Amino acid sequence: MGLVVIAIVIILLLVLVSCIKIVPQAYAYVVERLGAYQGTWSVGIHFKVPFLDKVARKVNLKEQVVDFAPQPVITKDNVTMRIDTVVFFQITDPKLFAYGVENPIMAIENLTATTLRNIIGEMELDQTLTSREVINTKMRASLDIATDPWGIKVNRVELKNIIPPAAIQDAMEKQMKAERERREAILRAEGEKKSTILVAEGQKESVILEAEAEKQSAILRAEAEKEKMIREAEGEAEAILKVQQATADGIRMIREAGADQAVLTLKSLEAFEKAADGKATKIIIPSEIQGVAGLAASLKEIVTEDKTALQQ
């Protein structure tokens with residue numbers, strides 16, 4: 001009898017322990033009572049009624065990422081390609097998530113595929129390849145509206161890969177190669193153009209500098225010649241001034257010595273003799289000096305005759 005009581009007590013304890021539930025962070029429990037929705041348990045400790053309540057679903061409230069397989073789509077210009085997408089979503093209402101749709105992930109995948117086909121079907125190939133952000137924005141808005149009754153919020157949608165057909169890939173690679181070669185040719189031509197311009201500018205600067213240097217040199221030479229001529233003129237003027245001064249001093253000394261007109265005339269003749277310096281073949285003598293010269297010659301003859309008579 002005692003063992004039965006102990007067994008019953010242990011069973012009751014196990015039942016009571018099983019009725020205690022602790023909800024961890026970022027989770028929510030959907031609880032049903034007799035098959036009907038009873039409530040949603042948030043983070044913390046909770047108790048359920050034995051044999052009546054049960055946890056119907058444990059819901060993860062964290063943001064989740066689902067990578068869907070590539071989906072075949074057809075563009076507006078009838079090009080078939082494969083696109084795989086990545087969807088970031090978060091459960092905002094555990095009750096709607098538990099009772100809104102049977103398989104939420106499959107529902108999101110199918111909804112993503114149909115939405116992607118609708119959007120790509122309105123765009124051409126080139127526009128599809130260059131409008132990822134536009135496609136992402138449209139898909140996120142459409143999926144967010146469609147999944148709202150399921151208690152799901154779509155935060156972000158990204159196109160992971162866009163895989164065009166092999167022929168299109170080859171054509172795109174050739175086009176890209178041609179574009180790169182064209183850009184390379186343009187860059188090379190621009191480089192050569194800039195190089196030519198720089199060389200021409202360098203030559204221009206060189207010519208300008210050479211002309212400027214030649215100009216400065218000519219100016220310096222002219223200034224040196226001018227300075228030389230000024231110094232030579234000053235030297236000649238100074239020499240002439242000294243000669244004139246010496247002549248004036250000589251005349252003054254003769255006058256102070258009491259020399260008469262004949263002596264002055266003879267000095268003038270000596271001056272003419274020095275002026276000739278043995279190089280002149282003809283000297284023009286003033287008439288006054290010529291008369292005095294004749295008188296001097298007559299006196300010289302008389303003196304000579306007197307010397308001859310005395311010798312006899």
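Leaving aside neighbours within four places in sequence, which residues is I83 in contact with? I opened my notebook with that one, keeping in mind that this is a predicted model.

**Entry 1, I83 and the core.** I found I83 in contact with A69, P70, Q71, V73, L116, I120, L159, N161 and I162, its neighbours within four places aside. I then looked up the largest nonpolar core, which has 31 residues. I83 is among the members that touch the most others, together with V87, I108, L116, I135, M139 and L159. I noted that β8 (80–91), α2 (94–100), α3 (104–120), α5 (132–147) and β9 (152–163) each supply at least two residues of this core. The largest share, six residues, comes from α3.

**Entry 2, helix α3.** That share sent me to α3 itself. I read off 17 residues and a reach of 24 Å from first C-alpha to last, close to the 24 Å expected at 1.5 Å a residue. Next I listed the buried positions in α3: P104, A107, I108, L111, T112, A113, T115, L116, I119 and I120.

**Entry 3, a three-stranded sheet.** I moved on to an open sheet with the order β3-β2-β5 and antiparallel pairing. Its edge strands are β3 (36–41) and β5 (53–60), each pairing on one side only. On average, neighbouring strands here are turned by 25° against each other, direction ignored. I also checked β2 (residues 27–33), which is joined to β3 by five bridges.

- E179 and R182 meet through their side chains at 2.4 Å, N to O. Both lie in α6 (residues 166–256), three residues apart, about one turn of the helix. E179 is partly exposed at 28% relative accessibility, and R182 is partly exposed at 43%.
- E184 and R188 form a salt bridge at 3.2 Å, N to O. They are separated by about one helical turn, because they sit four residues apart in α6. E184 counts as partly exposed at 45%, and R188 is likewise partly exposed at 45%.
- D144 pairs with K153, the closest N and O atoms being 3.8 Å apart. Is D144 buried or exposed? I have D144 as buried, since its relative accessible area is 18% and the cut-off is under 20%. K153 is partly exposed at 37%.

Definitions and conventions:
Residues numbered from 1 in each chain as written. Predicted model: local features only at pLDDT ≥ 70, side-chain atom pairs only at ≥ 80, totals over all residues. Heavy atoms only, no water. Pairing = 2+ DSSP bridges. Axes fitted to C-alpha atoms, helices over the stretch in contact; angles between N-to-C directions. Core = buried A, V, L, I, M, F, W, Y, C linked by side-chain atoms within 4.5 Å. Buried < 20%, exposed > 50% of the residue type's maximum accessible area, 1.4 Å probe, protein only. Contact = heavy atoms within 4.5 Å. Expected span 1.5 Å × (residues − 1). Salt bridge = Lys/Arg side-chain N within 4 Å of Asp/Glu carboxyl O.
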